[in-house]
Amino acid sequence: MEKFILKYFNLIRTIIAILIGVAISIFIIFFVSKNALGSLKYFFLGPFLSKSRLGNIFESATPILFCGIAAAIPFQASQFNIGQEGAFFLSAAIGTGFALSVSSIKLPGFIYVILTLLAAGIVGALWSFIPGFLKAKWKVNIIVSSLMSNYIAYFIGLYIINYHFRDKSAGFLTSYRLPESDWLKQFIPGTRVHIGVLIAIACAFIVYYFLYYTKLGYEIRMVGFNFHFAKYSGIDVFKVIVLSSIIGGFFAGIGGMSEVMGIHRRFLWQISPGYGWDGIVVAIIGKNNPLLIIFVSLFLAYLRTGGQVLNLLSDVPYEIVSVIESVIILLITAEAFLENIKYRITVKEAERKEIIDESSS
Amino acid sequence: MDPIISVKKIVKVYPNGVAANKGVSIDIEPNTIHAIVGENGAGKTTLMKILFGIEEAQEGKIFIRGKEVHFKSPLEAIKMGIGMVHQHLMLAEGLTVYENLMLGIEPTMFGIFLNKKRAFEIADAYSKKFGLDVPLNKKVKDLSVGIKQRVEILKALLRNIEIIILDEPTSLLTPQETEVLFKTLFSLRDSGKTIIFISHKLKEVKAIADKVTIMRKGKVVKTVDAENISEHEIARLMVGREITFEHIPKNENVGNVIFEVKNLSYKNDENVEVLKNISFSIRSGEILAIAGVEGNGQAELVEILTGLKKATSGNVLLDGRSILGLSPREIREKKISHIPEDRMKNGVADKAKIKENLISDRYYKEGFSKGQKLNWNYINRESYRLIKKFNILVPSVEAPASALSGGNIQKIVVARELSASPRVIIADQPIRGIDVGSEELVHNFFEEARDNGSAILLISADLDEILKLATRIIVIYNGEIVGRFNNVNNITAQDLGPYMLGIKREV
């Protein structure tokens, strides 16, 4: 039993954290809601009770997943590049511009879609090159530079859409609509779940393979584990820092464009949608492992969907949902949470082993 | 006589599951020098940390002057009259000696202003009272290690300490500085203090201690009067078996010069000349040892030779061709291996798997990978082969390096570096902080590599290691080579000391 606990300690801790988070949520809901039982049902079961809500989980998990793997790659190299939000936004804007600009060529749908996604990915990669290069070349703090780059990306993106691709016939600030041949198909009737979710999951598997089964992935992880060790071993640290940022940015870029092509079919954000920040959260909770990040993204999307249902159908305000979400994430990310229990079990195990050693010698 | 300190059945397990103390009981009599000896990892330092309030024990009791105590912090230990001088000295380098001495207990005027004159007078009075001569007005960073240590001891005395714990105090000292330290300790004992002396150097223990406690694997083996036990007996109890300290057999097949350093100089960022005109050469089948007190340019020299730093001038030649300024990978490609001084910083990535640590210099080579794809099957096989060959104790190659003991981590580094079929091995403090068993193994591997024609550059602060392995010895002081010994047959540690201190020079 003790051995089992030690081996799966992280998993068990995550589950307990979620349960405590749930317990606190129940407490909060009882506190603020007149119909507490009903509200609880809306929050926890609501997302599963209709097809459109179930679809909602997957469609809102898609951009989070893209940004999650985009963050995981530089994080694996211990480069705290948090420029996913900017890369996501800017790539979506320039990608939209690109798609509209080439629409007159009448490309076949398949090629058009791939070209648009690639263009957006390249924009994301080039944009993320900047903080990576600054860090590798001049040791510029990557947290600061990537954070600032988000604001720059935001305003450049707005400028491109509002001044060059704005649909003047629409009643609000938005781009022209993308031609239908450039849409990512919504393939489950009654939901907005689109091909992007499949692309995102495929990307997660690709990135997993990349990190754990390729030379560059190995280099990225070794630099992340111990920078000095990597350098001493002959790994080109400069290359790894720059490339980890670039590759991460590529996936953030695809994520931004897939959201435009799959859900809105035009660029309509006037404020930054915040998926980049969610990506950082899921990357951290998923320990930068792309496969875990798939599940964490779905879990976060489930909480969000439950929150929306709660907001719509009960007297619990949406702000409470943010509180609950934060409590759960806080507990999961608290490294020292339950650490003393692990410690006590370790001590017991060590003492028992000692007795066995003694009696056998 | 009643013991001044009495620890009873102390048990301490660290969070990673290592049991450092397994029911340790020791009585320490007042007014004695009590040595605690044991290999690295025997639990000496842990016990002292518990006694000084840095760590808390899970079980057991501590009595000071017959009264039970529970220290939660070093501050409480100091109040009870216990002081500790750490292996790595803890002084504020930028402050003067007397400022360091009075740190935290400064006399003040009107409760807020520092009374520097009074502080100086108090420090001076104590220095005279205990006969510990220190340059009160000098900055600590300008002092030698021996003097810094004296400052630390005086600092403890100023806080009315009755019991002084010294953790491996001689590890950074030359033989001559050690003698001075011992004189100080004797006079402190004679003035009524109790001294606990942690060491794994047997000669010193014999020379200084009244009582000796021998620890092994977290337990007390024996406590005896020092005069009733021989060095050899202590060593046997410490290790649990017979060991030898003899010079390894000579290699008759010394070949041509393959590695050469010519007039190498290096200035650091502060424009200090750390290395001055260093020249030496190593022939194949030879171990050239560089002796010297740490911090005299050895670290920089190694970093330059392995491509981690750029030299200011001079040249490094392999087979007559310059390798200066090449990247670490290019240098490794030329079959130069590097066992780094700090294995946790450079030698391994402790959170990475053992197999990932074993391939860090060759993962891109034929077999280990094809195109971009890593061949994990091949890597697993190779890892198990190395683990077997180098006798590394691991739970599995999938475990992180941090799950291993210091000795086994060092064996991982040695396995990787020596299995690269190196022509030149640069080994910087290869046995620091590892147990005697691993130490012997590492030395055997060096001997084997030497006999197979590798040229080995050994940098060590451990003179016993140097005298055991070296074919030739050079001594470095303040970035310069000050002594060369081509015949090591009759050289002793005492002969090297004056060169290491910069008192003597022959070049």
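The questions and answers below concern this structure, which is a predicted model.

Colleague: How many helices and strands does chain A have?

Modeller: The C-alpha trace of chain A spans about 85 × 65 × 35 Å along its principal axes. The secondary structure of chain A comes to 15 helices and zero strands.

Colleague: What radius of gyration does chain A have, against that of a compact globule with 361 residues?

Modeller: Of the 361 residues in chain A, 49% are buried. Among its contacts between residues at least 6 apart in sequence, 80% join residues at least 24 apart. A compact globule with 361 residues would have a radius of gyration near 21 Å, and chain A agrees with that at 23 Å.

Colleague: Why is chain B described as being as compact as a globular protein of that length?

Modeller: Chain B has 17 helices and 24 strands. The globule rule gives 23 Å for 507 residues, and the description holds because the radius of gyration of chain B is close to this, at 25 Å.

Colleague: What percentage of the residues of chain B count as buried?

Modeller: The C-alpha atoms of chain B fill a box of roughly 70 × 50 × 50 Å along the principal axes. Of the contacts in chain B with a separation of 6 or more, 69% are between residues 24 or more positions apart. The buried part of its 507 residues is 45%.

Colleague: How far apart are the centres of domain 1 and domain 2 of chain B?

Modeller: Domain 1 of chain B covers 5-239, and domain 2 covers 257-500. Nine residues of domain 1 of chain B are in contact with 13 residues of domain 2 of chain B. On the domain 1 side, these are four nonpolar, four polar and one charged. Taken over C-alpha atoms, the centres of the two domains of chain B are separated by 33 Å.

Colleague: Which element gives the largest share of the side of chain A that touches chain B?

Modeller: The contact takes 20 residues from chain A and 27 residues from chain B. On the chain A side, two or more residues each come from helix H9 (215-225), helix H10 (227-233) and helix H15 (339-360) of chain A. That side divides into ten nonpolar, six polar and four charged residues. The largest share, six residues, comes from H15(A).

Colleague: Which residues touch the most other members of the largest nonpolar core?

Modeller: In soluble globular proteins, nonpolar side chains tend to be buried together. The largest nonpolar core here has 178 residues. Leaving out residues up to four places away in sequence, Ala289(B) touches Leu458(B), Ser460(B), Ile466(B), Leu469(B), Ala470(B) and Ile473(B). The members that touch the most others are Phe66(A), Ile69(A), Ala289(B), Leu458(B) and Val475(B).

Colleague: At what angle do the axes of H3 and H13 of chain A cross?

Modeller: Ser39(A), Tyr42(A), Phe43(A) and Phe44(A) in H3(A) meet Gly306(A), Val309(A), Leu310(A) and Leu313(A) in H13(A). This contact has six nonpolar, two polar and no charged residues. The axes of helix H3 (residues 36-44) and helix H13 (residues 290-313) of chain A come within 7 Å, and they cross at roughly 145°.

Colleague: How many residues of helix H12 of chain A are buried?

Modeller: Among the elements that cover the buried residues of H12(A) are helix H4 (51-76), helix H11 (237-264) and H13 of chain A. The buried residues include Tyr275(A), Asp278(A) and Val282(A). Helix H12 (residues 275-285) of chain A is mostly covered, and its buried residues number nine of eleven.

Colleague: Is Phe295(A) buried, partly exposed or exposed?

Modeller: Phe295(A) lies in helix H13 of chain A. A buried residue needs 20 or more other C-beta atoms within 10 Å. Phe295(A) has 15, so the class is partly exposed.

Colleague: Asn288(A) and Asp319(B) each have a positive phi; which of buried and exposed applies to each?

Modeller: Most residues other than glycine have a negative phi. Phi is near 60° for Asn288(A), in the loop between H12 and H13 of chain A, and near 55° for Asp319(B), in the loop between strand S16 (313-318) and strand S17 (321-322) of chain B. Inside 10 Å, Asn288(A) has 23 C-beta neighbours and so counts as buried. Asp319(B) has 12 and so counts as exposed.

Note on methods:
Residues numbered from 1 in each chain as written. Chains lettered and ligands numbered in written order. Contact = placed C-beta atoms within 7 Å. Helix = DSSP H or I, 4+ residues; strand = E, 2+ residues; numbered from the N terminus. Nonpolar A, V, L, I, M, F, W, Y, C, P; charged D, E, K, R; others polar. Domains from an automatic or database assignment. Core = buried A, V, L, I, M, F, W, Y, C linked by C-beta atoms within 7 Å. Rg over C-alpha atoms; globule rule 2.2 N^0.38 Å. Axes fitted to C-alpha atoms, helices over the stretch in contact; angles between N-to-C directions.
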